[in-house]
Amino acid sequence: MDSGQTHFEARMQRLRSVLRSLAESLISPGLRAELDASDLVQQTLMEAWEQSDRLVSLDDRQLFGWLRTALRHNTLDAVKHLSTQKNDAERRLRMSELEGSFARLEDILHADGTSPSDVLHRAEQTTWLLMA
């Protein structure tokens with residue numbers, strides 16, 4: 001690791017606490033139990049490290065701007081992912097409720113051993129008898 005990379009790493013570590021405070025302010029109170037500011041900061045710093053060849057030449061203000069933008073995007077992505085997971089859970093719950101409803105309907109239809117076509121046939125016969 002050369003001195004430029006070491007200096008870059010030290011700059012990022014100095015910004016870690018500021019990024020953590022920023023991440024905490026970006027996460028709404030209702031989501032704080034499900035999103036961790038430290039995880040978002042860690043992801044952002046890892047992305048910066050992956051781009052270090054490009055970012056090492058930025059001054060502190062530019063580097064912080066890049067990190068702030070990346071943190072904001074990571075926070076939005078995490079919220080979207082969380083929303084998608086909740087929607088999936090709700091959809092699975094609705095599907096299981098629907099499957100339960102179909103199972104109960106089948107139980108009702110098969111309780112007396114009568115198939116739906118038998119029920120329809122009886123209804124047609126009753127209609128014919130009433131019309132006669």
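**Entry 1: Ser-52**

I looked up Ser-52 and found it buried, with a relative accessible area of 6%, where buried stands for under 20% relative accessible area, exposed for over 50%, and partly exposed for what lies in between (1.4 Å probe, protein chains only). The model is a predicted one, in which local features need pLDDT of at least 70 and side-chain atom pairs count only at pLDDT 80 or more, while totals for chains, interfaces and linings use all residues. I number residues from 1 along each chain as its sequence is written, and side-chain values use heavy atoms, with hydrogens and water left out.

Ser-52 belongs to helix H3, residues 52-55; helices here are DSSP runs of H or I with at least four residues, strands are runs of E with at least two, and both are numbered from the N terminus. Setting aside residues up to four places away in sequence, I noted that Ser-52 touches Gln-5 and Phe-8, contact being taken as heavy atoms within 4.5 Å.

**Entry 2: Arg-11**

Is Arg-11 buried or exposed? I found that Arg-11, which sits in helix H1 (residues 3-26), counts as buried at 5% relative accessibility. Apart from neighbours within four places in sequence, Arg-11 is in contact with Val-56, Leu-58, Asp-59, Asp-60 and Leu-63. I also noted that the side chain of Arg-11 reaches the backbone oxygen of Asp-59 at 3.3 Å, which I list as a polar contact, that is, a pair of N or O atoms within 3.5 Å, where within protein one must be able to donate a hydrogen and the other to accept it, and where residues adjacent in sequence count only if both atoms are side-chain atoms.

**Entry 3: Salt bridges**

Side chains of opposite charge can pair when their charged atoms come close. I took a salt bridge to be a side-chain nitrogen of Lys or Arg within 4 Å of a carboxyl oxygen of Asp or Glu, and how many does that rule give? The count comes to two.

One of them joins the side chains of Arg-11 and Asp-60 at 2.8 Å, N to O. This pair links distant parts of the chain, with Arg-11 in helix H1 and Asp-60 in helix H4, 49 residues apart.

I noted Arg-20 as partly exposed at 33% relative accessibility, and Glu-24 as partly exposed at 33%.

**Entry 4: Phe-64**

Phe-64 is found in helix H4, residues 60-111, and I logged it as partly exposed, with a relative accessible area of 22%. Which residues does Phe-64 contact once its neighbours within four places in sequence are left aside? They are Leu-15, Val-18 and Leu-19. I also checked Phe-64 against Arg-11, 53 residues away along the chain, and found their C-alpha atoms separated by 9.5 Å.

**Entry 5: Helix H2**

I followed helix H2 (residues 37-50) from its first C-alpha to its last, and its 14 residues reach 20 Å, close to the 20 Å expected at 1.5 Å a residue, the expected span being 1.5 Å times one less than the number of residues. The buried residues of H2 are Ala-37, Leu-40, Val-41, Thr-44, Leu-45 and Ala-48. Seen down the axis of H2, these buried residues fall within an arc of 130°, so they line one face of the helix; the arc is that of the directions from the helix axis to the C-beta atoms. On the other side of H2, Asp-39 and Glu-50 are exposed.

Ser-38 is also in helix H2, and counts as partly exposed at 31% relative accessibility. I found Ser-38 and Ser-21, 17 residues apart in sequence, to be 9.4 Å apart in space, C-alpha to C-alpha.

**Entry 6: The chain as a whole**

I counted five helices and zero strands in the protein chain. Of its 132 residues, 21% count as buried. Among contacts between residues at least 6 apart in sequence, 67% join residues at least 24 apart. The accessible surface comes to about 9600 Å², of which 57% belongs to carbon and sulfur atoms; such areas come from the Shrake-Rupley method with a 1.4 Å probe, and for residues only the protein chains shown count as cover.
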